[in-house]
Amino acid sequence: MTDTNISRRTFLAASAASGLAGLAPFAPALAASGDDWGETFAAALERNPMLLGWKTPPDRLDAKALTVSGTWPAGLKGRFFRNGPSIHDRFGERYRHWFDGDGMIQEFAIADGRIAHRGRAIRTPKLDREDAAGKRLYNGYGTHLPKAAPVRGPDGMNAANISVLHHGGELMALWEGGSATRLDEATLTARGFKSWSPRLSGVPFSAHPKVDPDGTLWNIGCNLLPRPALVLYHIDRAGKLVKAGLVDAGPIGLIHDFVVTRKSLVILIQPFLFEPARAARASVLDAHVWNPQAETRALVVDKDDFGKRRWHALPACFGFHYGNAWEEADGTIRLDHCLAGNPGIVTETLRYAMKGEFRPSAPLRYAQIVLPPKTDGRIAGRGEEAEFAKVAPAAVGRRHRFVYTLGAPDNPEGWHFRTVVKRDLESGRVESFDYGPGRIPEEHIFVPKPGGQREDDGWLIGTVLDWRKGVSGLSAFDARAVAAGPVAQAWLPYPLPLGFHGAFVRV
Amino acid sequence: MNRKSCFAVAAAIAVFFALAAPAMSDTARAAELTIAVSGVKSAEGRIYVALHRAAAGVKFPDMKGAVAGAWSKAQKGGFSVTFAGLAPGRYAVNGFHDTDGDGELDTNLLGVPTEGYGFGNGATGSFGPPDFTAASIAVEGKTGVDLPIGY
């Protein structure tokens, strides 16, 4: 009930602010009647500048020197990359889900306190083919075109728009359901799809690979069409494939993230399942069916032998991201999860944001999931609103004390985050920094301090959109004093589209 | 492509299995089909093409439905190949670029082709092949069909 109340309140406040309250009930009819999403969004943006983060930017952005306030930490040097759906309008038509915008790589090059930015739309084969045709050709995750061009495999609609990975000396933009896209580090130009081996060419490589402290990379691949399938990857620190496996997991939906312990990969299959037969007449998203009576299935796979697996049942839940996981002496696995009671955030809120319309949904909250070795699992506790959980790279797969998230405590501005949160799992203490009205923070990641000893010896680095000023910025926090706010910020002369995930590459 | 180069290519094509149809009179085998292969990316390996007839219980492009086939050394761009002595009727066409020369259309772990392939009339399927009808043409007398190879 609490979830619903908060959602309703934030929705009403947002609607009143944007003048959309009277429009909302008619939205389904408008959506069905033709392609008015672009115009509707443009009109909503005029009334409500908070929507700036969903506006399509130019294909290319450059800023030689950002305006730095505070003292940029001397040890925080390198390149911070981010990715996210960015090109939301194509040939005068607007995608119908936030997750569909074509990807754009953002690079913040940080050297001796001087920060430069480059943004480049990622030229995927999809974009090239559409540009050659002079029109949109392909379906997206949440956009279904009545006359979509056929694709040979998932990479035909690969938007390279979810996250970024730097591994084995290679920079890659990651999508959710297809291959990684290789990027030239010097020019940020797309260089085609990454093939880990001939047999893995065109096989999905998901957007949340996990890297052990020794540099070993693990990932899942989630294939939906023509048949749902789950693929597992083991890649060494040099970027060479060690092994890959195919898991018969039964019915699955799109699986966004997973976690690793020292011994295992842990994959949750939520009861929001993809039904291939629906996909001919619906978007990928709309071919998913939520069944709250069904269970969430947790799959635990041995890292050394992908054939060794065990399953646990959990209550139905929906979420995108995990923080970290560890395995206790008796084999019990504990993991962080940002979860909601249903998938409304993806079926409603993040879809209609593209129209400039706020639709409430159950918020994502911090929870810990416990998987005892031989029994069903449980969701141990639900906390405050939380999303984009991150931990220190040295803690991946180990028992961690701290997890960092974004939060949105009773945000009257509508559905977006406002705080950066540090959670101490040992003391239960939660500290946060509130960016305040007019600012929308995005994922903040942990960058270790050189020579640091404690788990939280490091910085949190992340972007924030100041929609009142119409600019985006980069913040650096001392991870040991998150509530004190950023130690330094660097502001761009332009806004960036709100995106998803980043990676820091030390010089 | 001019006639001369067409003949040169035709000479290089080897029929890899003969017409499976039973012996027929000359008039029953009076038709021919010329397949214009295009879009070949490189001169590596071979191009395989096959003709299929509709058959009960066979889902195109299962090779159980193939009645004739040929291969040629790959050439960047394309070439034409003619199948003569065909019984008039409807034939579907498929082909692939066997880049590594192992005689098979390579696929990934999930069964999706990783070498170039194509179908008659440029027909395409989404996440799979087109059906027989889309990839086929009625052959009588001298008939031509396009076979673009895509990657």
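Reply: Helices (H or I, at least four residues) and strands (E, at least two) are DSSP runs, numbered from the N terminus. By that count, chain A holds 5 helices and 35 strands. This is a predicted model, where local features need pLDDT of at least 70, side-chain atom pairs count only at pLDDT 80 or more, and totals for chains, interfaces and linings use all residues; side-chain values use heavy atoms, with hydrogens and water left out. Residues are numbered from 1 along each chain as its sequence is written, while chains are lettered from A and ligands numbered from 1 in the order in which they are written.

Now the close look. Five strands of chain A form an open sheet, in the order β2-β34-β33-β32-β31. The pairing is antiparallel; two strands pair if DSSP finds at least two bridges between them. β2 (67-70) and β31 (439-448) of chain A stand at the edges. Each has a single partner strand, so one side of each has no neighbour in the sheet. From one strand to the next, the twist averages 20°. (Axes are lines fitted to C-alpha atoms, and angles run from 0 to 180 degrees between N-to-C directions.)

Find A:Thr67: its opposite number in β34(A) is A:Trp491. In general, strands of a sheet pair through backbone hydrogen bonds, either parallel or antiparallel.

Step back to the whole of chain A. Its C-alpha trace spans about 55 × 55 × 50 Å along the principal axes. Of its 507 residues, 61% are buried, meaning under 20% relative accessible area with a 1.4 Å probe, protein chains only. Take the contacts (heavy atoms within 4.5 Å) with a separation of 6 or more in chain A. Residues 24 or more positions apart account for 61% of them. Chain A exposes about 18900 Å² (Shrake-Rupley method, 1.4 Å probe), and carbon and sulfur atoms supply 53% of that.

Last, chain B. It has 1 helix and 9 strands. Of the 151 residues in chain B, 41% count as buried. Among its contacts with a separation of 6 or more, 75% link residues 24 or more positions apart. The accessible surface of chain B is about 7400 Å², and 56% of it belongs to carbon and sulfur atoms.

Definitions and conventions. Buried means under 20% relative accessible area, exposed over 50%, partly exposed in between (1.4 Å probe, protein chains only).
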